[in-house]
Amino acid sequence: MKKMGRKVTLATCTLNQWAMDFEGNLSRILQSFQEAKALGAKYRMGPELEICGYGCNDHFHESDTFLHSWQVLAELIHAPECQDIIADVGMPVMHKNVAYNCRVIFLNKKILLIRPKMILCNDFNYRESRWFTAWKRVRETEEFYLPRMIQDITLQLKVPFGDAVISTLDTCIGSEICEELWNLQSRHIDMALDGVEIFTNGSGSHHELRKAYVRVDLIKSGTMKCGGCYVFSNLMGCDGERVCYDGCSVIAVNGQIVAQGPQFTLKDVTVNVATIDLEDIRAYRNSVRSYCEQNSRAPAFPRIHVDYALSGDDYFLPVSQPFEFKYIPAEEEICLGPALWLWDYLRRSGQGGFFLPLSGGIDSSSVACIVHSMCHLVCEAVKNGDVHVLSDIRRTVSDPTYYPTDPQEMAGRVLTTCYMGTENSSAETKARAAELASQIGSFHLSIGIDTAVAGVLGVFSAAMKLVPKFKVHGGGMRENLALQNVQARVRMVLAYLFAQLSLWARGRPGGLLVLGSANVDEALRGYMTKYDCSSADVNPIGGISKTDLRSFIRFCIQRFKITALEGIYSAPPTAELEPLREGQLAQTDEEDMGMTYDELSVYGKLRKQKGCGPYSMFTKLLHTWNWLTPEQVADKVKHFFRCYAMNRHKMTTLTPSYHAEMYSPDDNRFDHRQFLYNVSWPWQFNCIDTQVKRLQKAGITNHEQGTSQSAKNQQGTITNNSSGTNNSHTGNQSSFTPGVMVALATEEEAVNTRATGWSAAPISGHLLDKISAHGPGQTVSMQMDVSGSDVEHKLKRPKLSASLVSSEV
């Protein structure tokens, strides 16, 4: 007696689609059908909005996008590759003049169901309700009248549209779309209770560091609770935006992974299949008695019956065995994700490579290593026979015979690095940049830009009859800041000049994309010159923290054996924009910022992910940083929010950056906050001050006051030098908040020759609040406590006038 079929083979497809590239998207979808059928699949699942690309955004407001999507669907329905297999594709559909994000399921030139998305994603990077409407009619369908171009192929006038499931001869299939898996009312729970055995999810889930486990846990836990098979498909690569899709398409059965696609790959099409035994699902569910009780009273879904079976004569067909999902560490994600994103951007932009200002520091060196990783990926893909990658790299380097085999050699063709030194640059950074360029193989230049800087300053001096000076040469804070910024901005101008003409000078066609190298912490703090490293064509590390970049550098030392990174890793981060002192660095980034990079990561996560304003951040850090006094914590929080507010405007010009971190301050897509603030935060800071006073009055002092300095360092932070409790003049490098100049002048003649020290006296956060309250350019007279300065306590305290001037960092 012949046994009834029960084994089915399902395919989940990972596609590198490109928004609005209908021709390319169609080609990749057809290839995925070919591969799925060759692997024996009877059901093919693709990612979200695969026909048009997920990142079309406001193109979804255009009727052309819907028209071209239907045209592509017509090609698919008619194509021989798409016959004798249940096809599940993603596209936008307009029903009754309302746009929906849909799955279109068809078989042998007949559309079975159009299933609209029921729960939209509207947080963080996503604004789906700007373009689509969620289908709210639970377990209901309507009639959808097909466009005539589809009617001519399917010979159908209308098809079901809505919340229904597909019932084949041997099983039942139900669809989810992306966010519906993440939502607390996931649709697969209700479908499972109505006997649906196979759940599918076409997704557009972007990459973030350490995020893969979230998807996997949701899929495993969902099928562990209710049994069944979950087929998850995701996009791959850069489809035209800041985000990068990282694949990780999976198939799970009863809480166990049975198929896993790659997290990062240069392949445009990856198809993974799994063969499952439907009887395993049925036995699993029947053993869970609570499931059975709920199933018996669950409401039913509309069923679309189709005379087709996913199973066949399967006696000798092996079932896919479960295994543990293979996660990769964050350092490797940085190595692969931004490299894939850069490759897609490069090949689709039509440019001839990248230009990177290489300073010899961790940030620009990380970008260089990411490009080096990209070269490794390309060489490996070509070695494995990927003809699409070979065609793309040949077009990029304008050599139809090129065959890349060596990543260093390829880097010499696609990456130009340039050390742009000034009289303030050290020999050490120049040597480190040259050594790194040599080891990764980039075409390297080392130039001096002093003449260009002098020329710009000469124009100013000729017009204003004044010569600005650095602080160490007797200049003021505004002069010092301006002299730093002019160097940085001249580098940006020269970077674009070299990017446009470098290949011309080398006898090659095309131009280069300028790479930025500002990390997410510096963007959050605003510790960058506007229109310098914040201005490039693309920035692969703009969403990555300094802490993670340091770990990535260590990873590259091990993975690629780049020994030049050892010295770069050990060197203190510095912009090298101020004069050297006896040939040594006089400036470090953390001193300039008045906070450490580790602290910045904490601020960023609390501000964005925890939704903290100044007061709530203070209350949380009061207990987290329990080795600091409440006053010190308060001053740290105030210092951060002052800097954040003063520099928020820089995010409006932020280079498109690879999105990797949940606390990204990117104004363009991810962080929709204003860019004009009251930098004194009077109401919020007053709440903090009130709480500090209550703690003082209650006699709550920090019992960790005696904690040793080594213990403090172990906690990963330093005492904020702008703290009102630290008035040591020599140790207070943040006497004035960066970005704000406080001009002090005595109203009396010098009381004592040592009174000249008053202008540099440490200013507490409370005093700065008082000054700030009067606004820029206004003067206020007040008595000032200068304890700890060079002026003795017994001296008469002169009355000072103070004025506040806002200034860009």
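Contact means heavy atoms within 4.5 Å. By this criterion, and not counting residues up to four places away in sequence, Leu565 touches Ser365, Cys369, Leu436, Ile553, Cys556 and Ile557. The model is predicted: local features need pLDDT of at least 70 and side-chain atom pairs count only at pLDDT 80 or more, whereas totals for chains, interfaces and linings use all residues. Residues are numbered from 1 along each chain as its sequence is written, and side-chain values use heavy atoms, with hydrogens and water left out.

Leu565 is also among the residues that touch the most other members of the largest nonpolar core, alongside Leu342, Phe354, Met374, Ile393, Met410 and Leu436. Such a core is a set of buried Ala, Val, Leu, Ile, Met, Phe, Trp, Tyr and Cys residues joined through side-chain atoms within 4.5 Å, where buried means under 20% relative accessible area with a 1.4 Å probe, protein chains only.

| Core | Residues | Members include |
|---|---|---|
| Largest | 62 residues | Leu342, Phe354, Met374 |
| Second, separate | 56 residues | Phe66, Tyr100, Tyr126, Val243 |

Helices (H or I, at least four residues) and strands (E, at least two) are DSSP runs, numbered from the N terminus. Strands pair if DSSP finds at least two bridges between them. An open sheet of mixed pairing comprises 7 strands in the order β15-β14-β11-β10-β9-β8-β17. Its edge strands, β15 (256-260) and β17 (303-305), each pair on one side only. Strand β14 (residues 250-253) runs antiparallel to β15 and is joined to it by 4 bridges; Val253 has Gln256 of β15 as its bridge partner. Helix α6 (residues 212-226) packs on the sheet, touching β10 (198-202), β11 (229-233), β14 and β15.

Notes. Axes fitted to C-alpha atoms, helices over the stretch in contact; angles between N-to-C directions. Buried < 20%, exposed > 50% of the residue type's maximum accessible area, 1.4 Å probe, protein only.
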